[in-house]
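Here is a short note for your review. Please read the points with the model open beside them.

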Amino acid sequence: YMDETRAGIYVRLSRDDERFGDSMSIENQKLMLTDLCHKQGWQIVDVYSDDGITGLTFQRPGIQRMIEDARNRKINTVLVKDLSRFGRNYIEGGQIIEDLFPSLNIRLIAVNDGVDTASNQNTDYIPIRNVFNEFYSKEKFF
């Protein structure tokens, strides 16, 4: 699929996530994804982080910087704990995951969702997951 994996790790925590305690923390997300990269022998180019910012917008400094690095071919793989960390906006998320990333040959791995675009693993349900994640963020009744 690619010669050498140049990984960008993306982590995000919003104020809504804080009620879940440490399992969602930026540090735990970093640890989990860094571990995976080390086990796979992948080079970590950078860790992109947005702390305290909702996933409903993609105007987040961390994700914008990551997308810029993807466009500039600094990274060829993006790792997130799950798709909700990447974003909770169905339309924008879909455009990035389904249009932009494939056009740049960017592999997306969402660990807890079992998504890996390199093997088309669970990619069919990305749009459904993204709709649910946006819905969850907008409706606080769960």
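In which helix is Ile 91 found? Ile 91 is found in helix α4, and the points below start from the basis of the model and then turn to that helix.

1. **Basis.** This is a predicted model, where local features need pLDDT of at least 70, side-chain atom pairs count only at pLDDT 80 or more, and totals for chains, interfaces and linings use all residues. Residues are numbered from 1 along each chain as its sequence is written, and side-chain values use heavy atoms, with hydrogens and water left out.

2. **Confidence.** The chain has a mean pLDDT of 87; pLDDT is the predictor's confidence in each residue, from 0 to 100. A value of 70 or more is reached by 82% of the residues. Among the elements, β3 has the highest mean, 98. Helix α5 (residues 126-138) has the lowest, 68.

3. **Layout.** The chain holds five helices and five strands. Both are DSSP runs numbered from the N terminus: helices are H or I with at least four residues, strands are E with at least two. The order from the N terminus is β-α-β-α-β-α-α-β-β-α. Of the 142 residues, 46% count as buried. Buried means under 20% relative accessible area, exposed over 50%, and partly exposed in between, with a 1.4 Å probe and protein chains only.

4. Helix α4 covers residues 90-103, 14 residues in total. At 1.5 Å a residue it should span 20 Å, and its end C-alpha atoms are 19 Å apart, which agrees. The expected span is 1.5 Å times one less than the number of residues. There is also a kink of about 30 degrees, centred on Ile 96. The bend at a residue is the angle between axes fitted to the seven residues ending there and the seven starting there.

5. **Helix α4, burial.** The buried residues in α4 include Gly 93, Gly 94, Ile 96 and Ile 97. Leu 100 and Phe 101 are buried too.

6. **Start of α4.** Asn 89 lies in the loop between α3 and α4. Its relative accessibility is 17%, so Asn 89 counts as buried. What does its side chain reach at 3.1 Å? It reaches the backbone nitrogen of Ile 91, and the atom involved is a side-chain oxygen. A polar atom of the Asn 89 side chain also lies 3.1 Å from the backbone oxygen of Leu 56. A polar contact is a pair of N or O atoms within 3.5 Å; within protein, one must be able to donate a hydrogen and the other to accept it, and residues adjacent in sequence count only if both atoms are side-chain atoms.

7. **Leu 56.** Leu 56 sits in the loop between β2 (43-51) and α2. Leu 56 is partly exposed, at 26% relative accessible area. The C-alpha atoms of Leu 56 and Phe 86 are separated by 9.9 Å, and the two residues are 30 apart along the chain.

8. **Aromatic pairs.** Rings of Phe, Tyr and Trp (its six-membered ring) pair if their centres lie within 6.5 Å; planes under 30 degrees apart count as stacked, over 60 as edge-to-face and the rest as tilted. By this rule there are two aromatic pairs. Phe 86 and Phe 101 form an edge-to-face pair, 5.9 Å centre to centre with 70 degrees between the planes. Phe 86 lies in helix α3 (residues 83-86) and Phe 101 in helix α4, so the pair ties together parts that are 15 residues apart in sequence. Phe 86 is buried at 1% relative accessibility. Phe 101 is buried, also at 1%.

9. **Cluster and charge.** Ring pairs link Phe 58, Phe 86 and Phe 101 into a cluster. Arg 60 lies over the face of Phe 58, 4.9 Å from the ring centre. The criterion is NZ of Lys or CZ of Arg within 6 Å of the ring centre and within 35 degrees of the ring normal.

10. **Positive phi.** Most residues other than glycine have a negative phi. Arg 73 has a positive phi of about 65 degrees. Arg 73 lies in the loop between α2 (61-71) and β3 (77-80), and is partly exposed at 47%. Just after α4, Asn 105 takes a positive phi of about 60 degrees. Asn 105 is in the loop between α4 and β4 (107-110), and is exposed at 54%.
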